[in-house]
Amino acid sequence: MLTQQLLKQNLMYDPDSGIFTWVIRPAHCIRIGDVAGYKNPEGYVKIGILGKIYSAHHLAFLYMNGSVPNGIVDHINRVRYDNRWVNLRVVTAKENSTNTSRAILVEHEGKMISLKMACEIYRVSYSMVKQRIQNYNCTPMEAILIPNKRGGNLNPFIKELQRYREGNL
């Protein structure tokens with residue numbers, strides 16, 4: 001049985017990005033610091049550890065809380081590979097069934113809004129954002145905020161995000 005201690009001996013979880021990285025070399029083709037896991041056809045991140053495959057969102061709870069909850073681990077924004085700690089919550093089966101809409105939600109000014117509405121607010125193409133989410137494994141807001149390669153003005157939020165990531169904020 002996988003424990004929090006065994007998990008932490010093998011993987012490191014970054015709650016801000018939701019990404020697990022290896023702290024050991026479980027195989028010759030894997031290096032320390034490599035991102036762990038793969039995205040399965042349903043869109044969930046799966047990680048093989050000690051001969052068993054686990055869902056990354058369950059491992060996040062084990063890593064942070066010491067146990068996997070009895071309830072269902074739900075992705076608040078409905079993006080199945082977005083395993084940031086702020087995006088995960090425990091719900092009942094009934095609560096989870098109410099969160100089955102195909103709409104992707106993003107946070108904007110403290111409220112959850114649809115991805116389509118966020119694209120309208122930030123004046124970006126919805127289809128381009130959907131494509132970025134699928135192709136680059138980024139969060140919906142990162143997909144919205146990545147500037148177009150054509151150039152043009154970066155909106156102020158993107159500049160703030162870049163400053164934040166560079167540690168200048």
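This briefing describes the fold elements, the nonpolar core, the aromatic pairs and the salt bridges of the structure above.

The model is predicted, so local features are given only at pLDDT of at least 70 and side-chain atom pairs only at pLDDT 80 or more, whereas totals for chains, interfaces and linings use all residues. Residues are numbered from 1 along each chain as its sequence is written, and side-chain values rest on heavy atoms, with hydrogens and water left out. The protein holds seven helices and nine strands, where helices (H or I, at least four residues) and strands (E, at least two) are DSSP runs numbered from the N terminus. Of its 169 residues, 34% are buried, a term that stands for under 20% relative accessible area, with exposed meaning over 50% and partly exposed in between (1.4 Å probe, protein chains only).

**Overall surface and contacts**

- The accessible surface comes to about 11000 Å², and 51% of it belongs to carbon and sulfur atoms; the areas come from the Shrake-Rupley method with a 1.4 Å probe, and for residues only the protein chains shown count as cover.
- Among contacts with a separation of 6 or more, 39% are between residues 24 or more positions apart, a contact being heavy atoms within 4.5 Å.

- Strand β2 (residues 19-22) pairs with β1 in the antiparallel sense over four bridges, pairing being assigned if DSSP finds at least two bridges between two strands.
- D14 has I19 of β2 as its bridge partner, and in the hairpin, which has four residues between the strands, G18 takes a positive phi near 80°.

- Helix α2 is mostly covered, with seven of its 10 residues buried, namely A56, H57, L59, A60, F61, L62 and Y63.
- Just after α2, G66 takes a positive phi of about 90°.
- H57 lies in α2, which spans residues 56-65, and counts as buried because its relative accessibility is 5%; leaving aside neighbours within four places in sequence, H57 is in contact with Y44, V73, H75, N83 and L88.
- The largest nonpolar core has 35 residues, of which L11, F20, I47 and I144 touch the most other members; such a core is a set of buried Ala, Val, Leu, Ile, Met, Phe, Trp, Tyr and Cys residues joined through side-chain atoms within 4.5 Å.
- The elements that give two or more residues to this core are β1, β2, β4 (45-49), α2, α4 (115-122), α5 (126-136) and α6 (140-145), and the largest share, six residues, comes from α2.
- I144 touches L115, A118, C119, Y122, V124 and V129, not counting residues up to four places away in sequence.

**Aromatic pairs**

- The count comes to four aromatic pairs, where rings of Phe, Tyr and Trp (its six-membered ring) pair if their centres lie within 6.5 Å, with planes under 30 degrees apart counted as stacked, over 60 as edge-to-face and the rest as tilted.
- One of these pairs is Y13 with Y63, edge-to-face at 5.8 Å centre to centre and 65° between the planes, which links strand β1 to helix α2 across 50 residues of sequence.
- Y13, F20 and Y63 form one aromatic cluster; F20 is buried because its relative accessible area is 2%, and Y63 counts as buried at 13%.

- The structure holds two salt bridges, each defined by a side-chain nitrogen of Lys or Arg within 4 Å of a carboxyl oxygen of Asp or Glu.
- D74 forms a salt bridge with R89, the closest N and O atoms being 2.9 Å apart, and this pair links strand β6 to strand β7 over 15 residues; D74 is buried at 5% relative accessible area, whereas R89 counts as partly exposed at 34%.
- D82 forms a salt bridge with R84, the closest N and O atoms being 2.8 Å apart; D82 counts as buried at 3% relative accessibility and R84 as partly exposed at 22%.
- V79 is placed in the loop between β6 (72-75) and β7 (88-91), and is buried because its relative accessible area is 5%.
- V79 and T139 are 60 residues apart in sequence and 7.9 Å apart in space, C-alpha to C-alpha, while V79 touches N87, I104 and P140, not counting residues up to four places away in sequence.
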